[in-house]
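Please look over the sequence and the structure shown here, and then read the short report that follows.

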Amino acid sequence: MRYGIFGDIHGNLEAFEVVLRELNRQKVTQLICVGDIVGYGAEPNGCVEKIRSLSIPAVAGNHDWISVGKSDINYLNAQARQAILWTGRNLKSENKRYLDKLPLVIEKNDFQLVHGSLKEPAEWHYILNLKEANDAFSLMKKSLLFIGHSHRPIIFSKDKEKIAYSFTGRLSIKEGVKYIINVGSVGQPRDGDPRAGYILFDDEKKEIVYKRIAYPVEKTQAKIKAAGLPGIEAARLADGR
């Protein structure tokens, strides 16, 4: 199968629609989301409804659960709290029910998905370094784990006891090696590249390819400003920070 895997859409409908059109053009077999459909952006309902209408399997992200009162808001910074409170007020009831029921972990035949880490997934830990990666490796039931949360694409690998990381755009999966793959972000990249990010995973070729695609950033920024959301959430989209 050919999978299109993405996450951290964060209410950015322009970016999400561009990614979906590209994935449709590439004729992937299945779409999967690693969470944070909402938060920061001005179109949470549109993004949730796209996921629902296409029956895309998704795990819960911290912003998804915070928006419906299932997770603690207090650790977010002031701008993020303002944005997620706005999101909660503006979500339709049917979209709230959908987000409320999202699972923390999904297991497929040969991979798992979680938003942050398999270590206490409802605590939303990040995987940013080798120690944090090792904590997740020890809990993996499959050889592949797809994550989001940091908005930064990165691959951690474990071959026997050796753990390493890379920022390669293409990965050939090796037998006997475990991998944690951060798929980057559709709606708010933070790696210095403002283009929407996602990955293609071919389980027959045993290959993962990172993809980026431009979208109308100015249109998204205008909607964020018109909604009265924090200006930083619009400004940061221009440079992917």
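I155 counts as buried because its relative accessibility is 3%, where buried means under 20% relative accessible area, exposed over 50% and partly exposed in between, with a 1.4 Å probe and protein chains only. I155 has its place in strand 6 (residues 154–159); strands (E, at least two residues) and helices (H or I, at least four) are DSSP runs, numbered from the N terminus. Although I155 and Y179 are 24 residues apart in sequence, their C-alpha atoms are 6.8 Å apart in space. Leaving out residues up to four places away in sequence, I155 touches A164, Y165, S166, T168, L171, Y179, I180, I181 and Y210, contact meaning heavy atoms within 4.5 Å.

## How the model is read

This is a predicted model, in which local features need pLDDT of at least 70 and side-chain atom pairs count only at pLDDT 80 or more, while totals for chains, interfaces and linings use all residues. Residues are numbered from 1 along each chain as its sequence is written, and side-chain values use heavy atoms, with hydrogens and water left out.

## Helix 4 and its surroundings

The buried residues of helix 4 are A80, A83, I84, W86, T87 and G88, and they pack against helix 2 (44–53), helix 3 (62–67), helix 5 (93–100) and helix 8 (231–235).
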